[in-house]
Every structure is written in C-alpha cells, then in structure tokens.
Amino acid sequence: MRIAVVGSGYVGLVSGTCFADFGHVVTCIDSDEAKIEALNKGVMPIYEPGLDHLVANNTAAGRLLFTTDLAAAVSQAEAVFIAVGTPSRRGDGHADLSYVYAVARDVARNVKGFTVVVTKSTVPVGTGDEVERIIRETNPEADVAVVSNPEFLREGAAIEDFKRPDRIVVGIEDERARAVMTEVYRPLYLNKAPLVFTARRTSELIKYASNAFLAMKITFINEIADLCEAVGSNVQDVAHGIGLDNRIGGKFLHAGPGYGGSCFPKDTLALVKTAQDHGSPLRLIETTVAINDQRKRAMARKIVRAMGGDVRGRTVALLGLTFKPNTDDMRESPAISIVQGLQDAGARVRAYDPEGMEAAKAVVSDVAFGPDPYSIAEGVDALVLVTEWDAFRALDFPRLRLIMNDSLFIDLRNVYRRELIARHGFRYVSIGRPDEDITAALSTAAE
Ligand code: NAD
C-alpha cells in the first residue's frame with residue numbers, strides 16, 4: 001500500500017518509518033526543508049532510540065522517502081496521515097488546529113481517486129467533521145473518507161509502542177475506510193494488537209480521555225507522596241500496595257516532580273476547554289492541571305528548604321532536564337520551573353542532560369551546562385536528580401563527596417535508597433519517603 005504521512009516530527013516520523021517497516025511504501029512529508037534535507041542524509045531531527053537504524057534500513061530498501069513535495073506524494077497515496085502539531089493555542093489553552101486544517105486544504109487539492117485521510121494528530125472532538133468539511137469545500141470532486149486514528153506512542157519507547165500497541169483505535173464514518181485501515185495495520189493485527197473500530201467522534205475522545213486519566217493517575221500519586229511526607233509513610237510502598245490491585249494497576253504510580261512533555265499538559269488543558277465549551281466541565285481534570293502546575297514550582301521550594309531556606313549565592317547542579325529519559329524533548333519539562341524557581345531564590349544553576357541540553361538552551365537562561373555529572377557537581381552545594389536517565393542510576397558517590405562543597409543529594413525520582421546514599425555521607429531528600437528527621441519528629445510527637 002502507498003502511504004503519505006504529512007508532518008515528520010515525533011509521531012509522523014516514527015509512524016511513517018514503522019509503516020515502511022511493515023512493508024508499505026511510505027513518503028514522509030514536512031514543510032521544514034532543513035528537516036527533510038537532514039533526513040535524506042540519514043540525520044535524525046529527534047533523539048529516539050533505534051529510529052536511525054530503522055530509517056536507514058527502510059530507506060535503503062526503497063520503501064521510505066522524505067520530501068517537501070506534498071502534491072506528488074498525496075496524489076499517489078491510498079492513505080494520507082496527518083501528523084502535524086496541535087499545540088496549545090496562545091491565550092486560551094484550546095488546541096491550535098491551524099496546522100491540521102492547512103494540511104487538509106493541501107491534501108484536498110491533490111488527492112486522486114478514493115483516498116483515506118487519517119488524522120493521527122491529537123485533535124478535539126469534531127475535528128474530523130471539520131477536516132471533512134474543509135476537504136469538500138476546497139475540492140468538491142475529492143473522493144475521501146476522513147478517519148480518526150489517534151497515536152498512543154511514548155517518546156523514548158516510540159518504536160516498541162508503535163509496533164506492539166495495547167490497541168489501535170480507528171474512528172470511521174465511511175465504511176469504505178475499514179478495509180483500508182485494516183490493511184494498513186494488518187501486520188499488527190496479525191500480532192494480536194486489538195484493532196478497535198468506533199465512530200469518529202468517539203475515537204477522538206478516547207485519546208484525550210486516555211491522556212487525562214494518566215495525568216490524573218500521576219497527579220494522584222504525587223499528592224499521596226506529599227501526604228506520605230507529612231505522616232511518615234513511604235509512597236513507593238503505597239504505590240506497590242495499591243498497584244497490585246488489578247483494578248488499579250501498578251503503572252503511572254511513580255511519584256515525582258509533576259508531569260511534563262509535549263502531550264499531557266496541552267491535552268489535559270484542551271480537554272478541559274472542550275468540556276467547558278460543551279457545558280459539561282471535567283472538574284477532576286481541571287484540578288489535575290492546577291495541582292500539576294503548582295507542583296513543578298513547588299519542587300524548587302523543596303530544594304531551597306532542603307538547603308536550609310537561603311540559597312542566595314549558592315550553587316545547585318541538576319542531573320537531567322528533559323521531561324523524561326530517552327528523549328531530547330524539553331516541552332513543559334518540570335526542569336524549566338525548577339531552574340526558574342531556584343534562580344528567583346538567588347541560586348546559581350548548573351545542569352547536565354545526556355540528550356536535552358541543546359533544546360534546554362532555548363527554554364532556560366543563565367544555566368551553566370557541563371559535559372557530565374561530575375563536571376557540574378564540582379564545588380556545588382546540592383545535587384538534584386531531576387530526570388531518571390539510566391546514566392544517573394549508578395553515580396560514583398565517593399567521587400561526588402570529594403568534589404561537592406556540601407553533601408546534599410535530592411532525588412526527585414526516587415531512584416536511590418536512603419541507606420546507600422547515607423553510607424557515603426550524603427544527606428538524602430526524596431519524594432514521599434520517610435525523611436529521618438520527619439520519622440524522628442513523628443515518633444517524638446506520638447510519645
Ligand atoms: P512535532 O512538532 O514533533 O512535529 C510536527 C511536524 O509537522 C513538524 O516537523 C512540522 O514542521 C510539521 N508541519 C507543520 N505544518 C506542516 C505542513 N503544513 N505540512 C507539512 N509539515 C508540517 O509534533 P509531534 O510531537 O510529532 O506531534 C504531532 C501530533 O501528534 C500532535 O497532535 C501531538 O499531540 C500528537 N502526539 C504526539 C505524541 C508524542 O509523544 N510526541 C504522542 C501521541 C500523539
């Protein structure tokens with residue numbers, strides 16, 4: 001099957017490459033000439049483990065092409081995927097659909113024969129109706145079926161997620177699209193990935209409801225972590241204890257500095273706006289958004305508190321900046337609020353991230369970046385683990401103890417155990433786990 005994918009970012013590039021790997025002939029299109037030029041030279045515009053090899057293999061096999069020429073690719077395609085960005089609209093938090101609609105117009109002008117136009121971007125309920133209206137208005141002759149097929153991949157595990165999804169959701173209004181979409185995903189279907197067909201508006205909502213639920217789950221355990229700190233319980237044990245219940249499940253119960261990334265913040269906000277517009281507000285999600293926003297900033301206050309309350313003129317080194325490991329994506333990363341909060345309190349900030357430093361330079365200022373954890377730790381008053389990259393899971397604490405000014409280690413991802421860190425002479429502060437001082441204070445209070 002011939003497929004065109006419009007938008008070659010995280011989702012478009014991964015989807016297009018995986019479709020090619022299934023054996024389809026795929027053209028990935030982007031309006032960013034530099035991105036296409038780089039891809040044609042084998043240079044990846046994003047960091048995603050395994051992607052470069054998959055792109056190289058499928059390009060060599062002649063099944064994967066990159067171009068800025070939408071017209072030629074769309075006119076030959078049986079299925080056209082729209083995978084452009086849907087960022088938060090400035091000012092009101094609604095999803096900005098201008099990129100999606102612009103592509104719909106371009107596609108309408110260039111389709112030949114029956115074509116399935118698939119929205120893979122995350123779009124609010126009713127966008128498929130509008131895409132269809134735009135296509136019919138732009139080209140009344142166009143023979144298209146507009147489909148919703150939201151993407152659930154996670155950055156950092158995108159290829160695995162795409163090839164072994166929990167489910168594939170396809171929203172159709174025109175029965176002719178069913179056969180085409182079944183053919184597109186046949187290799188996964190044979191792999192037993194459930195292909196769930198729904199109405200188009202339902203499919204659009206499934207994506208938002210999934211992300212909102214996951215954001216709420218993270219926020220729930222983050223609040224439980226705060227309570228654990230107050231009462232002397234251990235959030236990891238609580239998460240384990242509740243997660244073993246099949247009705248709850250153990251995933252997305254890792255307490256931390258708040259969710260970030262290119263999806264949860266904008267998608268929760270857009271869902272809240274959609275719900276308000278339809279007079280059916282989602283109070284749980286509104287609260288989730290508010291709690292998470294406050295939490296990111298609260299992490300800076302937590303660091304300041306751990307440093308004794310006054311950080312003016314003192315130096316903090318951050319390990320990790322991206323919103324999660326294995327990506328270079330800095331969008332809405334908690335690290336941004338942490339850097340700003342620390343700088344506002346008068347601290348100097350240093351940082352190292354294995355892949356995110358270039359992207360970070362665009363969103364934080366006055367940060368001294370270093371090439372590894374030890375170079376930034378030299379002479380600092382506190383070392384803070386912000387993103388749980390594997391490279392930070394076995395730090396050389398004796399070496400850190402020698403080079404740091406003050407031996408304070410703050411672990412915002414609960415990667416380490418207190419006993420290990422304390423053995424090396426460090427003071428250890430983590431999230432939602434008993435602090436020696438708190439445990440002592442609580443037992444004194446109880447006596
Ligand atoms: P991105 O910003 O990485 O990529 C979008 C690409 O579209 C860019 O390369 C841009 O140049 C290109 N583009 C914009 N307008 C274009 C046009 N008119 N013609 C051709 N190309 C154009 O975005 P992304 O992270 O891949 O997200 C895309 C969509 O997928 C969003 O709706 C997002 O919410 C959703 N999504 C993202 C993820 C994720 O993990 N990033 C996961 C699931 C769903």
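Here are a few questions and answers about the ligand site and some strands in this predicted model.

User: What should I know about the numbering and the cut-offs?
Analyst: Residues are numbered from 1 along each chain as its sequence is written, and side-chain values use heavy atoms, leaving out hydrogens and water. Since you're looking at a predicted model, local features need pLDDT of at least 70, and side-chain atom pairs count only at pLDDT 80 or more, while totals for chains, interfaces and linings use all residues.

User: Which residue has a side-chain N or O atom 2.6 Å from an oxygen atom of the ligand?
Analyst: We're after a polar contact, a pair of N or O atoms within 3.5 Å. Val11 uses a polar backbone atom instead, 2.9 Å from a ligand oxygen. The side chain you want belongs to Lys266.

User: In which sense do strands S9 and S10 pair?
Analyst: Strands are DSSP runs (E, at least two residues) numbered from the N terminus, and two of them pair if DSSP finds at least two bridges between them. Ala317, for example, has Arg350 in S10 as its bridge partner. S9 (residues 315-319) and S10 (residues 348-352) share five bridges, and the sense is parallel.

User: What residue in S11 stands opposite Ala351?
Analyst: S10 also pairs with S11 (residues 367-369), over three bridges in the parallel sense. Opposite Ala351 stands Phe369.

Terms used. A polar contact is a pair of N or O atoms within 3.5 Å; within protein, one must be able to donate a hydrogen and the other to accept it, and residues adjacent in sequence count only if both atoms are side-chain atoms. Helices (H or I, at least four residues) and strands (E, at least two) are DSSP runs, numbered from the N terminus.
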